[in-house]
Amino acid sequence: MSKVYNFSAGPACMPEWVLQKAADEMLNANQSGMSVMEMSHRSSDFEKILGDAKDRLRRLMNIPEDYEILFLQGGGSLQFSMVPMNFNKNGADIINTGQWTKKAIAETKKLGKTHIAASSADDNFTFIPKITQDDLDPDTDYVYICENNTIYGTKYKNLPPHEGKRLIADLSSCICTEPINVADYDMIFAGAQKNLGPAGVTIVILKKDMLEQQNENIPSAMLDYKTYVDNNSMYNTPPTYGIYMVGLTLEWLEDVIGGLEEMEKINHKKANMLYDYIDQSKLYSNPVNPQDRSYVNIPFVTGNPDLDKKFVAEAKERGLVNIKGHRTVGGMRASIYNAMPVEGVEALIDFMKEFEEKYA
Ligand SMILES: *Cc1c(COP(=O)(O)O)cnc(C)c1O
């Protein structure tokens, strides 16, 4: 098959520049005579790869010095448990915006008091609930959100109030898609496989003073953030090849794209093209509250499940793959993360027009 445009929600498409560079370096990385996969994680070659990846992420996201950058395994999903295990002492306030917060809520409940500050469940998660400080439980330690809801296509445009509490955010599907002010958060986590590399690496950005507020008796060193801080993410063998690929992706973001302001412009351009087309179309619609629309996950439906199925099948024949919506939403979903080129979105819109002319 020739090269396709891959609209998968994750693992997702990677920049061709990154894949090509990884291919070029596959057999002989940095004149070491071996692949990165074969390197000892204690070697100076690998220490440089890890150090460079951290430095690049710090520069790109403008991460202040009082924040740690950690590389973990276990995906975004292990963070659903690690966050309350480490930081829920007096309770957690969680805003429920879909599948990924539901899972976080289920894990948090096992470990401590869990207060649902707001939820958009009644409207199938098509909006971001607006809360005030009064919606929060006065006793909780932190407010927890999922900033971009990968399945439903919603995104916070403003962070919720959290006076006197920490703010912890799941940025798995929007990290590095736009500049953010890291100091607005106390902890950010993200699985790499949507915007930053392959599956298997989770990035944690943690304000250092969070460690002063940890629970005691964390059952395993591997579940304790302090272990990763004290050992430069190398208490055990880290996901070395994944960290290398994250490093290459950050290099692409910095040196090829030109930083997160530039990346955001491209992402907004792609998203606006697609939303503008959907909004004027007679066939397709997007169910999300316009102010809360995601820039990177765009669900749409025809209103006819049989026609949706036909769309997915015919799109695939045209090399537009993995565009089926999540089973809880139905229809289609175009995930257009950083690595999806503008041409991919143009190709999708061209196909949508043709399909609409044929079947509407
Ligand atoms: C994909 C995703 C997850 C789950 O990530 P895993 O790495 O599969 O555990 C969590 N949160 C969000 C927002 C996601 O998009």
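Modeller: Gladly! Let us begin with His 41, which, leaving aside its neighbours within four places in sequence, is in contact with Phe 46, Glu 47, Met 234, Asn 236, Thr 237, Pro 238 and Thr 240. Please keep in mind that this is a predicted model.

Colleague: Where is the place of His 41?

Modeller: His 41 sits in the loop between α1 and α2.

Colleague: How do I read burial, and is His 41 buried or exposed?

Modeller: The general idea is a cut-off: a residue is called buried when its relative accessible area is under 20%. His 41 has 15% relative accessibility, so it counts as buried.

Colleague: Which side chain makes a polar contact with the side chain of His 41?

Modeller: That is the side chain of Arg 42, at 3.5 Å. Arg 42 also belongs to the loop between α1 (16–24) and α2 (44–61). Beyond its neighbours within four places in sequence, Arg 42 is in contact with Glu 47, Met 234 and Tyr 235.

Colleague: What does the relative accessible area say about Arg 42?

Modeller: Here we need the middle class: partly exposed lies between the buried limit of under 20% and the exposed limit of over 50%. Arg 42 has a relative accessible area of 47%, so it is partly exposed. A UniProt annotation, "binding site" from an unreviewed entry, covers Arg 42.

Colleague: Which other residues does UniProt list for "binding site"?

Modeller: An annotation comes from a record, and it may be inferred rather than shown by experiment. In this case the unreviewed UniProt entry lists Gly 76, Ser 77, Trp 100, Thr 150, Asp 170, Gln 193, Asn 236 and Thr 237. They are spread over 162 residues of sequence and are also spread in space, with up to 30.7 Å between C-alpha atoms.

Colleague: Could we look at two of those, starting with Gly 76? Where is its place?

Modeller: Gly 76 is part of helix α3. Gly 76 counts as buried because its relative accessibility is 14%. Not counting residues up to four places away in sequence, Gly 76 touches Ser 172, Phe 189, Gly 191 and Thr 202.

Colleague: And where is the place of Thr 237?

Modeller: Thr 237 is placed in the loop between α5 (225–230) and α6 (240–257). With a relative accessible area of 45%, Thr 237 is partly exposed. Setting aside residues up to four places away in sequence, Thr 237 touches His 41 and Gln 73. That takes us back to His 41, whose own contacts include Thr 237.

Colleague: Now the ligand. Which residues around the ligand come nearest?

Modeller: When reading a ligand site, start with the residues around the ligand. There are 13 here, and Ser 77, Thr 150, Asp 170, Gln 193 and Lys 194 come nearest. By class, this shell has 3 nonpolar, 8 polar and 2 charged residues. Helix α3 (residues 75–87) gives the most to the shell, with 4 residues.

Colleague: Next come the atoms. What is 2.6 Å from an N or O atom in the side chain of Ser 77?

Modeller: An oxygen atom of the ligand is. For Asp 170, a polar side-chain atom lies 2.6 Å from a nitrogen atom of the ligand. Lys 194 has a side-chain N or O atom 2.7 Å from a ligand oxygen atom. On its own the ligand has 390 Å² of accessible area, and the protein covers 85% of that.

Colleague: How far apart in space are Ile 49 and Ala 118?

Modeller: Ile 49 and Ala 118 are 69 residues apart in sequence and 42 Å apart in space, C-alpha to C-alpha. Ile 49 is found in helix α2, and at 18% relative accessibility Ile 49 counts as buried. Not counting residues up to four places away in sequence, Ile 49 touches Val 36, Met 39 and Tyr 244.

How values were computed:
Residues numbered from 1 in each chain as written. Predicted model: local features only at pLDDT ≥ 70, side-chain atom pairs only at ≥ 80, totals over all residues. Heavy atoms only, no water. Near = heavy atom within 4 Å. Polar contact = N/O pair within 3.5 Å; in protein donor to acceptor, adjacent residues only side chain to side chain. Areas by Shrake-Rupley, 256 points an atom, 1.4 Å probe, with all protein chains shown as cover. Helix = DSSP H or I, 4+ residues; strand = E, 2+ residues; numbered from the N terminus. Nonpolar A, V, L, I, M, F, W, Y, C, P; charged D, E, K, R; others polar. Buried < 20%, exposed > 50% of the residue type's maximum accessible area, 1.4 Å probe, protein only. Contact = heavy atoms within 4.5 Å.
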